Amino acid sequence: MALDQFLLMLILVLFFARVMAQLAERVKQPPVLGELLAGVILGSSVLGWVQDNETLHLLAEVGVMLLLFEIGLETDLGALLRVGVKSLVVAFIGIALPFVGGYLTCVTLGITGPTAILFGAAFCATSIGITARVLADLGVLNSTEGRIVLGAAVLDDVLGLVILAVVSAVVTRGSVTPLFAVQTTVVALAFVAVALIVGKILAPSILRVVDRMTVRGALVTAALVMAFVFALAAKKVGSAAIVGSFAAGLVLSSIGRTKQIEHELKPIADFFAPIFFVSVGVAVNVRLFNPFDPANRSTLELALLGTLVAFLGKFLAGWGAWGSGIKRALIGAGMVPRGEVGLIFATVGKQNGVLNDAHYAALLAVIFLTTFMAPPLLAHFARALAPSKASA
């Protein structure tokens, strides 16, 4: 891509992303939805000003890694571990119900094979970023319910990414053995555990070196290098890069310099992260949602039925938590949005040829609609929390 084309693409993507994000906030919706709509508007099926190309994909990959790294930085690992068993149960239900529901939805509509499996895997995702942002705005992020949701969301995404890796292997190899599936699961979970242990050992030494440096940006550069090293390591062992960047964020969240790193990282993340969401929107063909075209009937059926199944599968997972006074409906609502992680499933599925344009559009519709549902539901159920408990 020539420099003038690259610069024009950046101008359009960044400008439209900010404007649409602001409009989304004005109507009480997550900014990410505005960024997705910006991509739809810029894409070939509407204005046609930005094309789906490799340069955009690479920028988007950096954006989503930074997004998950930032979420890891903001996550209290100790608090997550304290509600670990409850989170584990909620996570298991939040994987089993949506996966089976998504798969059966596809089979019912005549869609089988890797495509049906990928839909089930995508339904397993929970948006850590969107849920955490909404819970924080409502003042309940550090409540028991908030911690259970975050712990379950992390587990769902890690295991969902394992399923995605297996599906991708099916596409590239033609088939996989049960042993491969087990190995992939063990590798993903083991990588997170090893990354946390190794990171905690090395991080203090790295920080001591950084503290002796006088050049500007030494701390945030070291943090970014760590995020990208972990992302590369995750990729090399067969997991997803975002698992590595999230693990790096978790490591750095417990070393006492989080606020400074977050402060210096935000401008960088604010530049790259919207590019990911816009790139997803760019790939959407809105003509597939025209209800007056008989050829689009299957896409609309899949989108509507899929949204219902995806919502119920996650919402019911909230009833996996137990204990006196636990607001299970709040937990269930927090599990509903698919957001950025669901978009990763859709993007990988399309790039690997598992999803055609119609399936991709339907899956994006499910992701959009479940994400739209979450903020008002969370606000409604959060009002039931006593102020003392919400800040506990």
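Student: Okay, which residues in H3 meet which ones in H10?
Tutor: From H3 you have Val62, Met65, Leu66 and Phe69, and they meet Ala223, Leu224, Ala227, Phe228 and Ala231 of H10. Keep in mind that this is a predicted model.

Student: What classes of residue are in that contact of H3 with H10?
Tutor: There are 9 nonpolar residues, with no polar and no charged ones.

Student: And at what angle do H3 and H10 cross?
Tutor: Roughly 110°, and the axes come within 11 Å. H3 covers residues 54-73, and H10 covers residues 218-236. Angles from 65 to 115 degrees count as roughly perpendicular, so H3 is roughly perpendicular to H10.

Student: Let me zoom out. How many helices and strands are there?
Tutor: The protein has 17 helices and 0 strands.

Student: How much of the protein is buried?
Tutor: Of its 392 residues, 54% count as buried.

Student: What about the largest nonpolar core, how many residues does it have?
Tutor: That core has 79 residues, and Leu343 and Leu363 are the ones with the most contacts inside it. H10 gives the most to this core, with 10 residues.

Student: What does Leu363 touch?
Tutor: Setting aside residues up to four places away in sequence, Leu363 touches Leu118, Phe119, Ala122, Phe123, Ala346 and Leu355. There's also a second, separate core of 21 residues, and Ile148, Val149, Ala152 and Ala317 are among them.

Student: Ile148, got it. How far is its C-alpha atom from that of Val85?
Tutor: The two C-alpha atoms are separated by 9.0 Å, while the residues are 63 apart along the chain. Val85 is in helix H5, which runs over residues 84-108.

Student: Is Val85 buried or exposed?
Tutor: Exposed, because its relative accessibility is 56% and the cut-off for exposed is over 50%.

Student: Now Thr299. Buried or exposed?
Tutor: Thr299 counts as buried, because its relative accessibility is 2%. You'll find Thr299 in helix H13, residues 297-315.

Student: What is Thr299 in contact with?
Tutor: Leaving out neighbours within four places in sequence, Thr299 is in contact with Leu288, Phe289, Ala358, Ala361 and Ala362.

Student: New topic: H2 and H12. At what angle do they cross?
Tutor: At roughly 45°, with axes that come within 6 Å. H2 is residues 31-42 and H12 is residues 258-282. That angle makes H2 oblique to H12, and the crossing is right-handed.

Student: Who meets whom in H2 and H12?
Tutor: H2 brings Val32, Glu35, Leu36, Ala38, Gly39, Val40 and Leu42, and these meet Pro274, Phe277, Val278, Val280, Gly281 and Val282 of H12. By class, that contact has 10 nonpolar, 2 polar and 1 charged residues.

Student: How do H1 and H12 cross?
Tutor: The axes of H1, residues 3-26, and H12 come within 10 Å and cross at roughly 90°. That makes H1 roughly perpendicular to H12. On the H1 side, Leu10, Val13, Leu14, Ala17 and Arg18 make the contact, and on the H12 side it's Phe271, Pro274, Ile275 and Val278. Sorted by class, the contact of H1 with H12 has 8 nonpolar, no polar and 1 charged residues.

Student: How many of the contacts link residues 24 or more positions apart?
Tutor: Among contacts with a separation of 6 or more, such residues account for 79%.

Technical notes: Residues are numbered from 1 along each chain as its sequence is written. This is a predicted model: local features need pLDDT of at least 70, side-chain atom pairs count only at pLDDT 80 or more; totals for chains, interfaces and linings use all residues. Side-chain values use heavy atoms; hydrogens and water are left out. Axes are lines fitted to C-alpha atoms, for helices over the stretch in contact, and angles run from 0 to 180 degrees between N-to-C directions. Helices (H or I, at least four residues) and strands (E, at least two) are DSSP runs, numbered from the N terminus. Angles under 35 degrees count as roughly parallel, over 145 as roughly antiparallel, 65 to 115 as roughly perpendicular and the rest as oblique. Contact means heavy atoms within 4.5 Å. Ala, Val, Leu, Ile, Met, Phe, Trp, Tyr, Cys and Pro count as nonpolar, Asp, Glu, Lys and Arg as charged, and the others, Gly among them, as polar. A nonpolar core is a set of buried Ala, Val, Leu, Ile, Met, Phe, Trp, Tyr and Cys residues joined through side-chain atoms within 4.5 Å. Buried means under 20% relative accessible area, exposed over 50%, partly exposed in between (1.4 Å probe, protein chains only). A crossing is left-handed if the near helix is turned anticlockwise from the far one by less than a right angle, and right-handed if clockwise.
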